[in-house]
Amino acid sequence: MPVEVTWWGHATCTIEDSGVRVLTDPLFVRRIAHLRRRRGELPGPAAAVADVVLISHLHSDHLHLPSLARIAPGGRLIVPLGAVRAVPGLRLLRRMRGLRITEVVPGDEVRVGAVLIRAVPALHDGRRLPVGPHRSPALGYVVQGAARTYFAGDTGLFDDMAEEVGPVDVALLPVGGWGPYLGHSHLDAGRAAEALARLSPRSAVPVHYGTYWPIGMDGIRPHEFHSPGDEFVRQAALLAPGVAVHRLEHGEHVRPEAGG
């Protein structure tokens with residue numbers, strides 16, 4: 001399976017397939033609001049090199065304007081419908097950096113070189129919080145080239161997840177968060193393992209954990225910061241034993257094989 005996945009931390013990944021470099025939800029800072037990066041070095045300039053950037057939803061740890069400003073002038077962004085209206089900084093980036101922005105809803109497809117990118121639903125609050133009334137759907141994406149790679153963004157379990165996502169070879173699934181408590185619109189390690197059983201990919205990579213944590217909360221449920229990756233590996237072995245799970249360190253990459 002000629003696809004390579006690099007995990008930079010949080011929900012930020014690079015998917016390389018068929019000569020196309022896809023970057024997800026770039027977040028390249030040591031601190032954002034009340035969150036501080038507690039593990040993994042900041043990604044270097046190479047992490048911002050991409051043919052296309054996928055934004056799953058408008059929360060500031062997924063649509064982070066200073067990180068998007070590191071994308072080369074003329075870069076291409078795929079964002080949820082309504083993002084440009086809800087986030088004025090996107091209009092500024094489009095004007096000042098020449099970024100090409102495409103808004104999508106579930107079911108839309110965008111071709112970038114030899115890969116086809118399809119937007120799929122996610123169960124998550126897609127608004128730009130804490131300000132602004134504008135609603136925008138939270139999305140996942142399937143990147144299809146030589147392989148089919150599912151980037152879930154932020155999502156909870158939903159009944160027709162497998163049908164909406166479709167067959168995939170690799171699943172990049174969130175298994176934690178940036179704080180000690182997760183609601184139903186997130187996946188923890190157990191719910192992510194259940195999603196894995198429903199999706200039945202050949203390989204999986206846990207993401208969205210063990211990177212950022214609220215300042216001053218180091219001693220509050222620290223296992224929720226440190227353990228989700230290992231717990232996902234354990235739960236996946238029980239619920240989806242046929243899936244090869246690759247728990248990456250920050251900045252590490254893997255080339256999942258066709259047989260898992």
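Visitor: Which residue does Arg31 stand opposite in β5?
Guide: Arg31 stands opposite Arg36 there. Keep in mind that this is a predicted model.

Visitor: How do β4 and β5 pair, and over how many bridges?
Guide: They pair in the antiparallel sense, over two bridges. Strand β5 covers residues 35–37.

Visitor: What is the strand order in that sheet?
Guide: The order is β4-β5-β15, an open sheet of three strands with antiparallel pairing. The edge strands are β4 (31–32) and β15 (212–214), each of which pairs on one side only.

Visitor: Let's move to β1. Is strand β1 buried or exposed?
Guide: Seven of the seven residues of β1 (residues 3–9) are buried, so the strand is largely enclosed by the rest of the structure.

Visitor: How many bridges join β1 to β2?
Guide: Six bridges join them, and the two strands run antiparallel. Strand β2 spans residues 12–17. Within this pair, Glu4 stands opposite Glu16 in β2.

Visitor: What do β1 and β2 form, and what is the phi of His10 in the turn?
Guide: They form a hairpin with two residues between the strands. His10 in the turn has a positive phi of about 50°.

Visitor: And how many bridges does β1 have to β17?
Guide: Two bridges join β1 to β17 (residues 253–254), and this pair also runs antiparallel. Thr6 stands opposite His253 in β17.

Visitor: Back to Glu4. What does Glu4 form a salt bridge with?
Guide: Its partner is Arg255, with the closest N and O atoms 2.8 Å apart. The pair links distant parts of the chain, since Glu4 is in strand β1 and Arg255 is in the segment after β17, 251 residues apart.

Visitor: Is Glu4 buried or exposed?
Guide: Glu4 is buried, at a relative accessible area of 13%. Arg255, on the other hand, is exposed, with 64%.

Visitor: How many salt bridges does a search of the whole structure find?
Guide: Nine. Among them is the one between Arg148 and Asp169, whose closest N and O atoms are 3.3 Å apart. Arg148 lies in strand β12 (residues 148–151) and Asp169 in the loop between α4 and β13 (170–174), so this pair ties together parts that are 21 residues apart in sequence.

Visitor: What other salt bridge does Asp169 have?
Guide: The side chain of Asp169 also meets that of Arg202 in a salt bridge, at 2.4 Å from N to O. This pair links distant parts of the chain too: Arg202 sits in the loop between α5 (189–199) and β14 (203–207), 33 residues from Asp169.

Visitor: New topic. Which residues gather in a patch of negative charge on the surface?
Guide: Asp159, Asp160, Glu163 and Glu164 do.

Visitor: Where is Glu164?
Guide: Glu164 is in helix α4, which runs over residues 161–165. Glu164 is partly exposed, with a relative accessible area of 31%.

Terms used. Residues numbered from 1 in each chain as written. Predicted model: local features only at pLDDT ≥ 70, side-chain atom pairs only at ≥ 80, totals over all residues. Heavy atoms only, no water. Patch = residues over 30% accessible without salt bridge, like charges linked within 9 Å, V, L, I, M, F, W, Y side chains within 5 Å. Areas by Shrake-Rupley, 256 points an atom, 1.4 Å probe, with all protein chains shown as cover. Salt bridge = Lys/Arg side-chain N within 4 Å of Asp/Glu carboxyl O. Lys, Arg positive; Asp, Glu negative; His and termini not counted. Charge placed at Lys NZ, Arg CZ, Asp CG, Glu CD. Helix = DSSP H or I, 4+ residues; strand = E, 2+ residues; numbered from the N terminus. Buried < 20%, exposed > 50% of the residue type's maximum accessible area, 1.4 Å probe, protein only. Pairing = 2+ DSSP bridges.
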